Amino acid sequence: MTSPLPGYSLVVFDWDGTLMDSTPTIIAAIQSACRDLGLPVPPDEAAAWVIGLSLQDALMAAVPTLAQDQIQAFVARYRFHYLTRDPQLRLFAGAEQMLASLAERGARLAVATGKSRVGLERALDATGIRRYFDTTRCADETFSKPNPAMLFEIMRELDADPASAVMVGDTSHDLQMACNAGIHGVGVTYGAHAVDELAGCAPQALVGSIVELGDWLHGRIAAGAA
């Protein structure tokens with residue numbers, strides 16, 4: 001006898017690499033900032049691994065030789081290179097349609113991201129999808145992933161039970177945060193982290209596209225979720 005599918009009423013999304021196709025831009029901005037300051041340039045894999053963390057945590061992991069007195073200059077160069085490419089950033093194809101479909105089924109939607117509040121607000125305005133989200137949390141407002149604080153705050157604000165929530169992300173930081181919060185996680189394999197690393201966090205599923213993600217979630221939204 002098979003177990004019934006879980007009924008989710010809250011779906012929390014990571015942003016970069018999950019909804020927005022920004023992984024290559026973030027990697028390039030980190031590497032370009034290193035070149036500007038004459039620091040060792042991390043390979044793509046190392047730069048991609050830090051995506052999803054707060055900027056401070058990401059810098060310490062991706063550029064371990066960065067001195068304390070270089071942080072301000074590095075952040076300035078990183079932001080310059082990121083913002084230069086920012087107008088070209090787009091959501092993954094089908095992302096808005098997926099969000100609209102989930103909202104129509106009554107799911108409550110949220111974002112938990114390593115972006116700054118300023119960065120997320122800019123992205124929400126540029127993409128025009130703010131209306132789909134009931135709340136959002138950013139790394140500069142609370143603790144960085146994989147600390148579960150963002151998820152706890154979202155669930156408390158929306159009065160959601162952990163059993164009814166699922167976190168969707170492209171990194172092990174996202175999935176480990178879900179584990180730490182006691183909720184389900186779904187990994188997307190088209191973003192920053194390798195499949196093996198995502199699988200090591202025991203997700204409910206690994207999906208390879210926005211279409212596959214939407215199909216997986218669509219059948220698992222609780223009846224009368226809203």
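**Reading packing and ring pairs**

Me: Leaving aside neighbours within four places in sequence, which residues is L102 in contact with?

Reply: L102 touches F13, A107, L109, L217, H218 and I221 once its neighbours within four places in sequence are set aside. The model is a predicted one, and such contacts are read from its computed coordinates. L102 itself belongs to helix α5.

Me: Is L102 buried or exposed?

Reply: The limit for burial is a relative accessible area under 20%. L102 has 1% relative accessibility and therefore counts as buried.

Me: How far apart are L102 and T18, in sequence and in space?

Reply: Their separation in sequence is 84 residues, and their C-alpha atoms are 16 Å apart in space.

Me: How many aromatic pairs does the structure hold?

Reply: There are three aromatic pairs. One of them joins Y78 and Y82, with ring centres 6.1 Å apart and 25° between the planes. Planes under 30 degrees apart count as stacked, and the Y78–Y82 pair is accordingly described as stacked.

Me: Why are Y78 and Y82 separated by about one helical turn?

Reply: The general idea comes first. An α-helix has 3.6 residues a turn, so residues three or four places apart point the same way. In this structure, Y78 and Y82 are four residues apart in helix α4 (residues 71–85), which means that about one helical turn separates them. Both tyrosines are buried.

Me: Where does the charged end of R220 sit?

Reply: The charged end of R220 is placed over the ring of W216, at 4.1 Å from the ring centre.

Me: How many residues of helix α7 are buried, and what covers them?

Reply: Seven of the 10 residues in α7 (residues 149–158) are buried, so the helix is mostly covered. The buried residues are A149, M150, L151, E153, I154, M155 and L158. Their cover includes the strands β1 (10–13), β2 (108–113), β3 (135–138) and β4 (165–169), together with helix α8 (172–181).

Me: Which residue follows α7, and what is its phi?

Reply: D159 follows α7, and its phi is positive, near 55°.

Notes
Residues numbered from 1 in each chain as written. Predicted model: local features only at pLDDT ≥ 70, side-chain atom pairs only at ≥ 80, totals over all residues. Heavy atoms only, no water. Phe/Tyr/Trp six-rings, centres within 6.5 Å; stacked < 30°, edge-to-face > 60°. Helix = DSSP H or I, 4+ residues; strand = E, 2+ residues; numbered from the N terminus. Buried < 20%, exposed > 50% of the residue type's maximum accessible area, 1.4 Å probe, protein only. Lys NZ or Arg CZ within 6 Å of the ring centre and 35° of its normal. Contact = heavy atoms within 4.5 Å.
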